[in-house]
Amino acid sequence: MNFQRVVIKVGSALVAPDKQGCSGQYLLSIARFITQCQQVGKEVILVSSGSVAAGRALIRHGSPNPSIPTKQAMAAVGQMKMMANWQRFFDVPCSQLLITHGDLKDRQRYINIKNTIRILLANGVIPIVNENDTVATDELKVGDNDNLAAQVALVSEADCLLILSDVDGLYRENPKHNPDAEKLSDVSAITPAIYQMASGTDNHIATGGMQTKIQAAEKATENGIATFILSGEDANALEQFGQGINAGTHFHAQQAPFKAKKHWLKHTLKSTGRVLLDAGAIHAVTNKGASLLPSGIAGVEGSFAAGDSIDIIDAVNQSPVAKGISQYSHRDLAKIIGQNSNQIAAILGYCPSKVAVHRDDMVMLKTNSSDVSNQTNTSSDNTQ
């Protein structure tokens, strides 16, 4: 398995194939694959559709196309059933994350999602993500779980996105209309011609189709995340994927995920503030691959919010050392500089993170032969 952290999107047609409630018909083989991934040290995040379909039979509607409030009620009751259905396939605990596009747009909530996923994975818990259909309005909806899965892959810094559906890849023509249509095994770049091959969904329960899958693949591959469309109905396709065999369509990443993020941090984000580091923190950050702790910060300059980019400066010679995304605003950071991380909650009244800048959210600005940030995407925190 040529990935370390994978986001697996499972469509409604797999969760509720009869459109009337949850089923294990296809989920058993998917859960077996997830378990096998975990057994060899891979990290898995699940994006699962199906809450509306799971609750459909429990809410009176009398129409193949229920109203929005009716669908929201279906989602409210169906989400419970869908989560219970997933949990029964695993010996490890599952967790539920319900998010909206508004959560992904908000800097602080974006960081909270990232931190939550990090901690869940570190504790061997399977994060199961779905859109919060019961509260999302049109302007706050992602709209489909293909694009949501791509967004989750970005926020979780995955290196692989696996889209499982009732189709086994991208075809030059709709295979339901032309049984002889050619399937594309590899897509090196997503062009207008690729979009022209896509068609919408024929399933009135689902919200996506091949069009949204290509949109998701484009978002992911532009950020260095290899993307695959596979049939979730074919257990052999997953087994082959685990063996390094592509039974679907592989959308190739345009660059390495590590390189993509470091380039984004270094060249795209504009820093809105600075933090000054003492000698010990400089050594830990540049030579030990450590996260930046409040205890190593000697000063805070500028105005910035949690989620903003900041410059990390050597307080002695005022030279830039690194650039990163702050877990705290300038006001909160000024209150906890020089303090042990265990004191953050007592000082601020809350503690979203024990680090000021996580190593995964940091790029070095000066060359150092022992700087591990330029060698690997695996990080270690500077513990106290």
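Begin by selecting Asp234 and Asn236, at the start of helix α10, where a side-chain oxygen of Asp234 comes to within 3.0 Å of the backbone nitrogen of Asn236. The model is predicted, and local features need pLDDT of at least 70, side-chain atom pairs count only at pLDDT 80 or more, and totals for chains, interfaces and linings use all residues. Residues are numbered from 1 along each chain as its sequence is written, and side-chain values use heavy atoms, with hydrogens and water left out.

Next, select α10 itself, residues 235-242, in which Ala237, Leu238 and Phe241 are buried (under 20% relative accessible area, with a 1.4 Å probe and protein chains only). If you look down the axis of α10, these buried residues fall within an arc of 95°, so they line one face of the helix; the arc is taken from the directions from the helix axis to the C-beta atoms. An α-helix has 3.6 residues a turn, so residues three or four places apart point the same way. Among the elements that cover the buried residues of α10 are α2, β5 and β9. Just after α10, select Gly244, which has a positive phi of about 85°.

Now show β5 (residues 160-165) and β9 (residues 226-231), which run parallel and are joined by six bridges; helices (H or I, at least four residues) and strands (E, at least two) are DSSP runs, numbered from the N terminus. Within this pair, Leu164 has Leu230 of β9 as its bridge partner.

Finally, display the open sheet of eight strands, whose order is β3-β4-β2-β1-β5-β9-β10-β8 and whose pairing is mixed (two strands pair if DSSP finds at least two bridges between them).

Note on methods: Buried means under 20% relative accessible area, exposed over 50%, partly exposed in between (1.4 Å probe, protein chains only). Contact means heavy atoms within 4.5 Å. A polar contact is a pair of N or O atoms within 3.5 Å; within protein, one must be able to donate a hydrogen and the other to accept it, and residues adjacent in sequence count only if both atoms are side-chain atoms.
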